[in-house]
Amino acid sequence: EISGAGSSQVTENETLTKFEIMDGIPGKTESIPVRLYLSGFDCGPTMKNVQNKFSVKYFLNLVLVDEEDRRYFKQQEIMLWRKKIG
């Protein structure tokens, strides 16, 4: 969450969950599908610059560890929204 503007801007970060996708080493051409169910999390939709006061963004942070304990990092912004009911 980002609130404020200019020099008074404040950013708050919160880790919602951490989990291990697989145990073992994938092959070089292997792809690993990831499905993250959001029903267990208390999160709202992504919001950008609401009345010039705050924004809410979500990021998926991936850390891959190879057989020699080298770490590879990837951060991807994800957009959450709600469908209108009715």
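Author: Here's a walk along the hairpin, then its pocket, the surface patch and the other sheet. A quick word on ground rules: this is a predicted model, so local features need pLDDT of at least 70 and side-chain atom pairs count only at pLDDT 80 or more, while totals for chains, interfaces and linings use all residues. Residues are numbered from 1 along each chain as its sequence is written, and side-chain values use heavy atoms, with hydrogens and water left out.

Start with strands E5 (residues 58-65) and E6 (residues 71-78), which run antiparallel and are joined by 8 bridges. Strands here are DSSP runs of at least two residues, numbered from the N terminus, and two of them pair if DSSP finds at least two bridges between them. Leu64 has Tyr72 of E6 standing opposite. The two strands make a hairpin with 5 residues between them, and Asp69 in the turn has a positive phi of about 60 degrees.

Glu68 counts as exposed because its relative accessibility is 53%, whereas Arg70, at 41%, is partly exposed. (Buried is under 20% relative accessible area, exposed over 50%, partly exposed in between, with a 1.4 Å probe and protein chains only.)

Now the largest pocket, with about 1900 Å³ of space. (A pocket is an open set of points on a 1 Å grid over the protein atoms alone, where a 1.4 Å probe fits, with protein on both sides within 12 Å along at least five of seven lines; lining residues have an atom within 4 Å of a point.) Its lining takes in 46 residues, and Thr17, Leu60, Asn61, Leu62 and Val63 lie nearest the centre. E5 gives the most to that lining, with 8 residues.

Leu60 and Leu62 also turn up in a nonpolar surface patch of about 690 Å², alongside residues including Phe19, Ile21 and Met22. (Patch residues have over 30% relative accessible area and no salt bridge, with nonpolar side chains joined within 5 Å; areas are Shrake-Rupley, 1.4 Å probe.)

Finally, there's an open antiparallel sheet of 4 strands, ordered E2-E1-E4-E3. E2 and E3 stand at the edges with a single partner strand each, so one side of each has no neighbour in the sheet.

Conventions:
Patch = residues over 30% accessible without salt bridge, like charges linked within 9 Å, V, L, I, M, F, W, Y side chains within 5 Å. Salt bridge = Lys/Arg side-chain N within 4 Å of Asp/Glu carboxyl O. Points joined across faces, edges and corners; volume = space filled by probe spheres on them.
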